[in-house]
Amino acid sequence: MLLALVSCSAADEGAGGQEDGFNAGNRGVVNASDRAGGTVTYQLAGTPDSMDPGNTYYGYMWNFSRLYGRPLTTFASEPGSTAKLVPDLATGLGTVSDGGRTWTYRIRSGLKYSDGSPITSRDVKYAIERSNYAPEALSNGPTYFRQYLVDNQPPYAGPYRDRTGGLKSIETPDDTTIIFHLSKPFADFDYLVSNPQSAPVPRTRDTGAGYVNRIVSSGAYMFASYQEGAGATLVRNPHWSSASDPLRKQYADKIVVQFNREQSTVDQNLIAGTATLDLHGEGIAASTQATVLSDPTQKAHVDVAQSGLMAYVAMSSAVPPLDNVHCRRAVEYAVDRGSVQTAAGGSVRGEIATTILPPSVIGHTAYDLYPTSGHEGANSPDGLAAAKRELTLCGHPGGFSTNLAARADQPNEIAMAQAVQASLKRAGIDAAIQQYPSGTYASNYAGAPAFVRSHQLGLMMMQWAADWPTGYGFMDQILNGNSIKASGNTNFSELNDPQVNRMLAQAINNPDAAARTKAWGDIDKTAMRQAPLVPLLYLKSPLYRPAKATNVFVTPAYGMYDYLTVGQDGGR
């Protein structure tokens, strides 16, 4: 997904203090200030999947949504080399019992929404019900709660259809207590409730898919306006109190978010200082990068963040001829990762990937099942021969044709797709690039299996980061057959391998941390034998911070700038 929980590179470690210059945001806080006032402006190429905390799976929205939605736990808003999990809406981390099957949290008392109404534990329960059991209205986001909560009998139909009184596996015995009953132990549950699906939603204000137009805030800022496809304006929430929230600040008077800007325009506005930050958090375009990094003055405003993202090509096991593992292995051998790296902007944009798990995720084990000379794929003699061998085994010795999906508003992804296309062509595989918008990429296109099959999307560009920093938090939603769904699907390959499913379940149930860590590397390699995806790059993000942006630093929790405390110097 869409979250990155990572370590800064060794050269950039450190925390706290006032910093300045190239990569300063990796070491500490740049332009630290407690000055209040002014407007913080975020710009975005494209649109988010949703600003509804219960209907989003983009990492930058998990970061940004914390401004107006408080999950039970979250990550400390501080620079450093590791992400620190802390209580947010809850008073502490969970109390576990029943052999890891029961988790209890107590939320802070006296909290209020932006409309002045009280926040209760029932609102947290309802938020999880709507985000996990109403795919007809909210299709984006992970499916962990649905996979691990004890099943209702009769089955729970979701909050908009249920007539039985709600999900029985979540209890709320009083206004400040919430108890989760799981079908099996889940060692990472404290991490799970850090996702925005646990941010409270009052049932009386919910309108399903339309809730995004009238979100009720539990955070430091609230919505003054929202216009689909255009953007949003947030202002201070008068019912928020720093006494019950040590993480957030209310420095800016107003936060403006502007959608559907060209990436080159966003970059130029950052350089000119007319935008505060790029909401997407994946860095300036490759076309901007060369100019910025060659200018010492501009380079001083850049932080190359270890994003925790892995760029890859997902291969659909449901689209012929890629339903044959040998055809998928032919693609593995044919893709020239070196040319992909060059197209992305060189090594400053990422290191060549050969595994599913990035080095920043617990359980990463280095290996390469599909090696070619110089990672050049079909552009090397051995890579071309290996690809041809697999094509013969899959019954297509002369190659085949398919489609390659990519996001139209992400120029770097399009450039990488073109490099993939060119190297596949060398092996006789014709991949026609099909472009779709980011905001609905998972809900309507690459993440909608019926669309994938009807439009023969055999190959799909994707970038993924851990929902939390363990192998399970990275792999489950892209490899587990139980995570496949009709819309908002993130298992693009539709891999449903019984061995992989079983290994994931057994590992997360294991109380032995060392055994879990080993298991993640084993699962990575087991899955790659099925060739569900082609790892391309462990991505880096050259982020740009204007001189007037205050309290800017790279958070190890999301691999981008932390959005909770950003301000604007000069009151504009």
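The following conversation works through selected features of a predicted model.

Student: Let us begin with the open sheet. In what order do its five strands lie?

Tutor: The order is E10-E11-E12-E3-E13, and the pairing in this open sheet is mixed.

Student: Which strands are at the edges?

Tutor: The edge strands are E10, covering 221-227, and E13, covering 277-278; each of them pairs on one side only.

Student: And how many bridges join E3 to E12?

Tutor: Five bridges link strand E3 (residues 39-43) with strand E12 (residues 254-258), and these two strands run parallel. Within that pairing, Thr-41 has Val-256 of E12 as its bridge partner.

Student: What holds strands of a sheet together in general?

Tutor: Strands of a sheet pair through backbone hydrogen bonds, in either a parallel or an antiparallel sense.

Student: Turning to E16 and E17, in which sense do they pair?

Tutor: Strand E16 (residues 400-407) and strand E17 (residues 429-436) pair in the parallel sense, over eight bridges. The chain passes from E16 through helix H12 (residues 411-426) to E17, and this β-α-β crossover is right-handed.

Student: Which residue of E17 does Ser-401 face?

Tutor: Ser-401 stands opposite Asp-430 in E17.

Student: Now the disulfides. How many are there?

Tutor: The count comes to one disulfide. Cys-327 is joined to Cys-394, with an S to S distance of 2.2 Å.

Student: Why is that disulfide called right-handed?

Tutor: The torsion about the S-S bond of Cys-327 and Cys-394 is about 75 degrees, so the disulfide is right-handed.

Student: What does the pair tie together?

Tutor: Cys-327 lies in helix H9, whereas Cys-394 lies in the loop between helix H11 (381-393) and E16, so the pair ties together parts that are 67 residues apart in sequence.

Student: Are the two cysteines buried or exposed?

Tutor: Cys-327 is buried, with a relative accessible area of 0%. Cys-394 also counts as buried, because its relative accessibility is 9% and the cut-off for buried is under 20%.

Student: How much of H9 itself is covered?

Tutor: Helix H9 (residues 325-334) is mostly covered, since seven of its 10 residues are buried. Cys-327 is one of these, and the others include Arg-328, Glu-332 and Tyr-333.

Student: What caps the N-terminal end of H9?

Tutor: Asn-324 is the cap: one of its side-chain oxygens lies 2.8 Å from the backbone nitrogen of His-326.

Student: A change of topic: which residues touch the most other members of the largest nonpolar core?

Tutor: Phe-64 and Phe-180 do, in a core of 156 residues. Strand E14 (residues 302-315) gives the most to this core, with eight residues.

Student: What does Phe-180 touch?

Tutor: Leaving aside residues up to four places away in sequence, its contacts include Leu-72, Trp-103, Tyr-105, Phe-145 and Phe-189.

Student: Which residues belong to the second core?

Tutor: Val-266, Leu-270, Val-292 and Val-304 are among the eight residues of that second, separate core.

Student: Lastly, where is Thr-555?

Tutor: Thr-555 is in strand E21 (residues 554-555), and it is buried, with a relative accessible area of 1%.

Student: What lies around Thr-555?

Tutor: Not counting residues up to four places away in sequence, Thr-555 touches Met-560, Tyr-561 and Asp-562.

Note on methods
Residues are numbered from 1 along each chain as its sequence is written. This is a predicted model: local features need pLDDT of at least 70, side-chain atom pairs count only at pLDDT 80 or more; totals for chains, interfaces and linings use all residues. Side-chain values use heavy atoms; hydrogens and water are left out. Two strands pair if DSSP finds at least two bridges between them. Helices (H or I, at least four residues) and strands (E, at least two) are DSSP runs, numbered from the N terminus. Buried means under 20% relative accessible area, exposed over 50%, partly exposed in between (1.4 Å probe, protein chains only). A polar contact is a pair of N or O atoms within 3.5 Å; within protein, one must be able to donate a hydrogen and the other to accept it, and residues adjacent in sequence count only if both atoms are side-chain atoms. A crossover is right-handed if, with the strands pointing away from the viewer, the path from the first strand over the helix to the second runs clockwise. A disulfide is a pair of cysteine sulfur atoms within 2.5 Å. A nonpolar core is a set of buried Ala, Val, Leu, Ile, Met, Phe, Trp, Tyr and Cys residues joined through side-chain atoms within 4.5 Å. Contact means heavy atoms within 4.5 Å.
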